[in-house]
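Okay, thanks for coming, everyone. Let me put the model up and then walk you through a couple of spots.

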Amino acid sequence: MLQHNDDTEDVSLFDAEEETTNRPRKSKIRHPVASFFHLFFRVSAIIVYLLCELLSSSFIACMVTIILLLSCDFWAVKNVTGRLMVGLRWWNHIDEDGKSHWVFESRKASPQENKTVSEAESRIFWLGLIACPILWVIFAFSALFSFRVKWLAVVIMGVVLQGANLYGYIRCKVGSRKNLTSMATSYLGKQFLKQNTGNEQTS
């Protein structure tokens with residue numbers, strides 16, 4: 001479902017989109033609706049999958065319901081909850097030459113911006129983002145080894161959609177750390193070069 005990763009770039013998220021506030025960093029949930037829907041669609045898809053044979057005798061109805069829930073979850077997490085809850089977003093665009101670019105965005109880590117991050121929301125976000133794809137992988141192996149071939153397409157869809165969001169947000173997180181590392185390395189390199197140049201000139 002994802003296009004080939006021809007090019008990637010890490011950028012800052014929404015340079016002038018949201019004005020920063022001076023609220024203290026607290027453990028309370030600042031975006032309850034986003035936090036609810038971050039878990040609602042993905043947990044509902046898992047519950048329907050586990051209880052589908054009890055809820056309905058129609059495989060098609062269960063499959064469509066699960067895929068709809070997974071699709072809603074993919075869109076909500078990719079476009080809404082990641083931006084609101086942890087200040088991250090990933091997306092893809094194709095330039096005029098037809099080249100695909102993957103962009104992994106993160107908010108600029110200013111002191112005021114850090115104060116607006118909720119630790120509770122961050123824990124909810126990453127817990128849901130990591131735990132649910134792991135469950136879908138377990139379901140995939142279970143369906144494979146129990147020869148429930150008809151469910152393989154459904155669980156693979158769960159692995160792909162939720163795994164894609166997990167990969168995208170990990171790239172956002174790692175990308176921001178990479179930028180800090182490269183800046184620190186560049187700074188140390190410049191200081192080392194200055195010291196060596198100064199020593200050569202005085203000798």
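So, look at β3: both of its faces are covered, with S100, W102, F104 and S106 buried on one side and H101, V103 and E105 buried on the other. Buried here means under 20% relative accessible area, with exposed over 50% and partly exposed in between, using a 1.4 Å probe and protein chains only. In a regular strand, side chains alternate between the two faces of the sheet. Strands are DSSP runs of E, at least two residues, and helices are runs of H or I, at least four, numbered from the N terminus.

Quick caveat: this is a predicted model, where local features need pLDDT of at least 70, side-chain atom pairs count only at 80 or more, and totals for chains, interfaces and linings use all residues. Numbering starts from 1 along each chain as its sequence is written, and side-chain values use heavy atoms, leaving out hydrogens and water.

What does β3 pair with? Strand β2, residues 88-94, runs antiparallel to β3, joined by 7 bridges; pairing takes at least two DSSP bridges. H93, for instance, has H101 as its bridge partner. The two strands make a hairpin with 5 residues between them, and G98 in the turn has a positive phi of about 80 degrees.

Now the helices: α2 (residues 59-86) and α4 (residues 119-145) pack at about 150 degrees, axes 11 Å apart. That makes them roughly antiparallel, the word for angles over 145 degrees. Axes are lines fitted to C-alpha atoms over the stretch in contact, and angles run from 0 to 180 degrees between N-to-C directions.

Notes: Angles under 35 degrees count as roughly parallel, over 145 as roughly antiparallel, 65 to 115 as roughly perpendicular and the rest as oblique.
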